[in-house]
Every structure is written in C-alpha cells, then in structure tokens.
Amino acid sequence: MARKSRTIGVEANPPEKVCEDPKCPWDGSLKVRGRVFEGRVVSTKMNHTVVVRRDYNHLVRKYNRYESRKGVVSAHQPPCIDLKPGDKVRAMECRPLSKSKSFVVIERVGSD
Ligand SMILES: [Zn+2]
C-alpha cells in the first residue's frame with residue numbers, strides 16, 4: 001500500500017511505512033501547527049508515545065556565557081515511524097492528544 005501524497009505543512013521526509021493511525025500526521029487526519037523541535041528519544045515504554053528530550057544552551061547575560069538546559073516532552077509516535085531510545089527525531093506541535101501529549105513525531109532524523 002502506498003501513501004497518498006500529502007504535505008503536512010513543514011519540510012520533512014515522509015516515513016516509508018504506512019499506517020492506519022488516525023493520529024498520524026502522514027496517514028491520518030491529524031493537523032500539525034505551532035512549534036517544531038529536534039530532540040532525542042529517551043523512552044519508548046509507553047504505547048504510541050515516546051519521551052523526547054531537547055538539550056539547548058541558554059545565554060546568561062550577566063556572565064556572557066551559556067548554560068546547558070534541557071526540556072522533556074511526551075510526543076505521539078505514529079506506528080509508521082519505528083523508534084528506539086537514542087534516535088534523533090523531529091516533533092511538531094498538534095492539538096492536545098491526551099492530558100500530557102500535544103506533540104507528534106513527524107520524522108526520524110537519525111540515530112547516534
Ligand atoms: Zn502513519
């Protein structure tokens with residue numbers, strides 16, 4: 001089965017597999033909008049959910065130096081994107097999918 005050509009609004013490579021998940025931005029009806037970020041998968045223990053960690057540098061103006069900070073978000077994992085801990089992914093904001101999920105993984109960028 002091949003995917004009907006669909007653009008999700010940002011530049012990303014569609015996954016090779018196809019799924020039936022209505023909450024998939026590529027195959028389902030989920031719309032994505034808002035923030036995009038790249039991060040690393042920390043945990044895949046939940047069903048259809050991954051924990052993504054984002055490391056970033058924050059400028060401390062008083063010392064004119066950066067300190068490293070991190071943020072962790074839960075993101076929806078569509079079945080057509082296979083992920084394991086350590087994978088680099090791009091996640092994008094969407095409507096709230098559950099109490100703590102309002103991001104969805106749109107692309108696997110690579111692994112370590
Ligand atoms: Zn899919």
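The model is predicted: local features need pLDDT of at least 70, side-chain atom pairs count only at pLDDT 80 or more, and totals for chains, interfaces and linings use all residues. Residues are numbered from 1 along each chain as its sequence is written.

**Exercise 1.** Work out in which order the strands run around the closed barrel.

*Solution.* Start with the terms: strands are DSSP runs of E with at least two residues, numbered from the N terminus, and two strands pair if DSSP finds at least two bridges between them. Next, follow the pairs: the 5 strands run S1-S2-S3-S5-S4, with mixed pairing.

**Exercise 2.** Describe how S2 pairs with S1 and with S3.

*Solution.* Begin with S1 (residues 32–46), which is antiparallel to S2 and joined to it by 4 bridges. Here Val41 has Val52 as its bridge partner, and Ser43 stands opposite Val51. The hairpin of S1 and S2 has 2 residues between the strands, and His48 takes a positive phi near 60°. Then turn to S3 (residues 65–76): 12 bridges pair it with S2, again in the antiparallel sense. One of the partner pairs is Asn57 with Ser68. This hairpin has 4 residues between its strands, and Asn64 in the turn has a positive phi of about 55°.

**Exercise 3.** Find the residues that Met92 contacts, leaving aside neighbours within four places in sequence.

*Solution.* First, recall that a contact means C-beta atoms, placed from the backbone, within 7 Å. Then list the partners: Val10, Val32, Val36, Phe103, Val104 and Ile106.

Methods:
Contact = placed C-beta atoms within 7 Å.
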